[in-house]
Amino acid sequence: MINFFNIVREIILPIFIIIAMGYTLQKKFHMNVPTLAKINMFFLVPAFIFVKLYSTELSFQLFGFVLLFFIIIILILYVISILAAKLLGLQKGEKITFSNSAIFFNSGNYGVPVNDLVFKGDPFAMSIQVIVLTLQNILIFSYGVFSLQSIKIGKLKAMLGYMKMPVLYAMLTGILLNYLSVPIPSFVWVPVNYIADAMIGIALFTLGAQVAEINFKAGLTKVYWSLFFRLLAGPAIALGMIFLFNIEGILAQALFIASSMPTSVNSAIIAEEYNNYPGFAAQIVLFSTIFSSITVSIMIYLARILF
């Protein structure tokens, strides 16, 4: 019970305060939400990814194992969510948003603080979370962007369009400079860090602004199914893999908890940027975050008694 209230107070409440600010200001000032999405996509997110990839020390053996674990979960979730989308009779664009809600989870502004709270700053546990965060960022801003663009402009044009995205070059540059241990001068590193630090707050603020424009009277059945896949099916798959691979201790706990995070805010950001059912995507993120206050607490409890 103590853990539950700590998570609500330290993680959930700060997140919803920022979302509420975005919601309130959007209702009052009627801001341009697509412009907010562009600020995230082309300014804040590239800096955030570059900083994380450049500054994190990663073990290649651990990275390889987490990568394999991550790929298996994503593939299983993708297949079953696409099948469910077809059974629900969703349109092509809706199917993409629906499946994205299952495979894109909030490993950054939600997963990192949860990991820090649960493991009390343990560097090994945090390194696992950072790897998952890195893989999620790569997935969202590669496949996620490509899948949404390809709906309207075709796969070839989508690929060419993605090649123009600053996120791609931020990822490649961060990895390369990290691997080669290239020092970055302070007049570059300081402003990049300032920009990266703003990403979480502005992303949640943008989500609040998106939520202010949503009509919640229809389509909630689709949202509830997406919550099932992200908040329950994801951790269930992870649990099965942990037992299958005989993973134990902090590694098992960190992977299991990381798999239980709600749908990523960035999934709503890219849906807004490419105008692919942004209201549907924002609904999923909002309700996923709300219900995760219960499900994540349960998963933390299970992680401690099972592993």
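Colleague: Which side chains meet in a salt bridge, at 2.6 Å from N to O?

Modeller: This is a predicted model, in which local features need pLDDT of at least 70 and side-chain atom pairs count only at pLDDT 80 or more, whereas totals for chains, interfaces and linings use all residues. Residues are numbered from 1 along each chain as its sequence is written, and side-chain values use heavy atoms, with hydrogens and water left out. The structure holds one salt bridge, a term for a side-chain nitrogen of Lys or Arg within 4 Å of a carboxyl oxygen of Asp or Glu. At 2.6 Å, N to O, the side chains that meet in this way are those of Lys 222 and Glu 94.

Colleague: What phi does Ser 181 have, although it is not a glycine?

Modeller: Most residues other than glycine have a negative phi. Ser 181 is found in the loop between helix H8 (166-180) and helix H9 (186-211), and with a relative accessible area of 60% it is exposed. Although not a glycine, Ser 181 has a positive phi, of about 55°.

Colleague: Where is Tyr 277, which has a positive phi of about 50°?

Modeller: Tyr 277 is not a glycine either, yet its phi is positive, at about 50°. This residue counts as partly exposed because its relative accessibility is 34%. The place of Tyr 277 is in the loop between helix H12 (265-273) and helix H13 (278-306).

Colleague: How much space lies in the largest cavity?

Modeller: A cavity is a set of points on a 1 Å grid over the protein atoms alone where a 1.4 Å probe fits but cannot get out, and its volume is the space filled by probe spheres set on points joined across faces, edges and corners. A search of the whole structure finds three cavities of 30 Å³ or more. The space in the largest cavity is about 130 Å³.

Colleague: Which element gives the most to the lining of the largest cavity?

Modeller: The lining, made of residues with an atom within 4 Å of a point, has 16 residues, of which Asn 106, Gly 108, Asn 109, Ser 264 and Asn 266 lie nearest the centre of the largest cavity. Two or more lining residues come from each of helix H6 (123-153), H9 and H12. By class, eight lining residues are nonpolar, eight are polar and none is charged. With four residues, the element that gives the most is H6.

Colleague: What distance separates the C-alpha atoms of Ile 270 and Gly 249?

Modeller: Ile 270 lies in helix H12 and is buried, with a relative accessible area of 1%. Ile 270 and Gly 249 stand 21 residues apart along the chain, and their C-alpha atoms are separated by 36 Å.

Colleague: What distance separates the C-alpha atoms of Leu 13 and Thr 295?

Modeller: Leu 13 has its place in helix H1 (residues 2-29) and counts as partly exposed at 47% relative accessibility. Leu 13 and Thr 295 are 282 residues apart along the chain, and their C-alpha atoms are separated by 15 Å.

Definitions and conventions
Buried < 20%, exposed > 50% of the residue type's maximum accessible area, 1.4 Å probe, protein only. 1 Å grid on protein atoms, 1.4 Å probe; cavity = no way out; pocket = protein on both sides within 12 Å on 5 of 7 lines; lining within 4 Å. Nonpolar A, V, L, I, M, F, W, Y, C, P; charged D, E, K, R; others polar.
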